[in-house]
Amino acid sequence: MSQIDTAFGTAIVRLWEEKKYNTLRDVLSTLQPPQAVGVLLLLPETALAPLFRLLPKELAAETFVEMEADQQEKLIRSFSDTELRSVLDELYVDDAADL
């Protein structure tokens, strides 16, 4: 997992707390999957699914693959059938089979 700069992490947390979701989505869309995982770990567990939903579809799938199994399980439990299908559709076949 990639390290997240302290100032960057503080800015992400502040955007989340201030409910600036559009800005947060724009920032998240510039990240690589390991960085996105790092960002997801910065916020409380209750923010995991909502924050994940802000990721662009392809980045979300790539980030999902980079996550630890327990984080993946928490997300899966929070997904609707449509959301889960969307993530699975973006995964490579071997990643989907692993899941």
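Predicted model: local features only at pLDDT ≥ 70, side-chain atom pairs only at ≥ 80, totals over all residues.
Biologist: How many salt bridges does the structure hold?

Modeller: Three. Take Glu73 and Arg77 to begin. Their closest N and O atoms are 2.6 Å apart.

Biologist: Where do Glu73 and Arg77 lie?

Modeller: Both sit in helix 6. They are four residues apart, about one turn of the helix.

Biologist: Is Arg77 buried or exposed?

Modeller: Arg77 is exposed, at 66% relative accessibility. The cut-off for that class is over 50%.

Biologist: Which residue pairs with Lys74?

Modeller: Glu45 does, with 3.1 Å between the closest N and O atoms. This pair links distant parts of the chain. Lys74 belongs to helix 6 (residues 69-78). Glu45 is in the loop between helix 3 (33-42) and helix 4 (48-53). The two are 29 residues apart.

Biologist: What is the relative accessible area of Glu45?

Modeller: Glu45 has 54%, so it is exposed. Lys74 has 35% and is partly exposed.

Biologist: Which side chain meets Glu18 in a salt bridge?

Modeller: That of Lys20, at 3.2 Å from N to O. Glu18 is partly exposed, with a relative accessible area of 42%. Lys20 is also partly exposed, at 41%.

Technical notes:
Residues numbered from 1 in each chain as written. Heavy atoms only, no water. Salt bridge = Lys/Arg side-chain N within 4 Å of Asp/Glu carboxyl O. Buried < 20%, exposed > 50% of the residue type's maximum accessible area, 1.4 Å probe, protein only.
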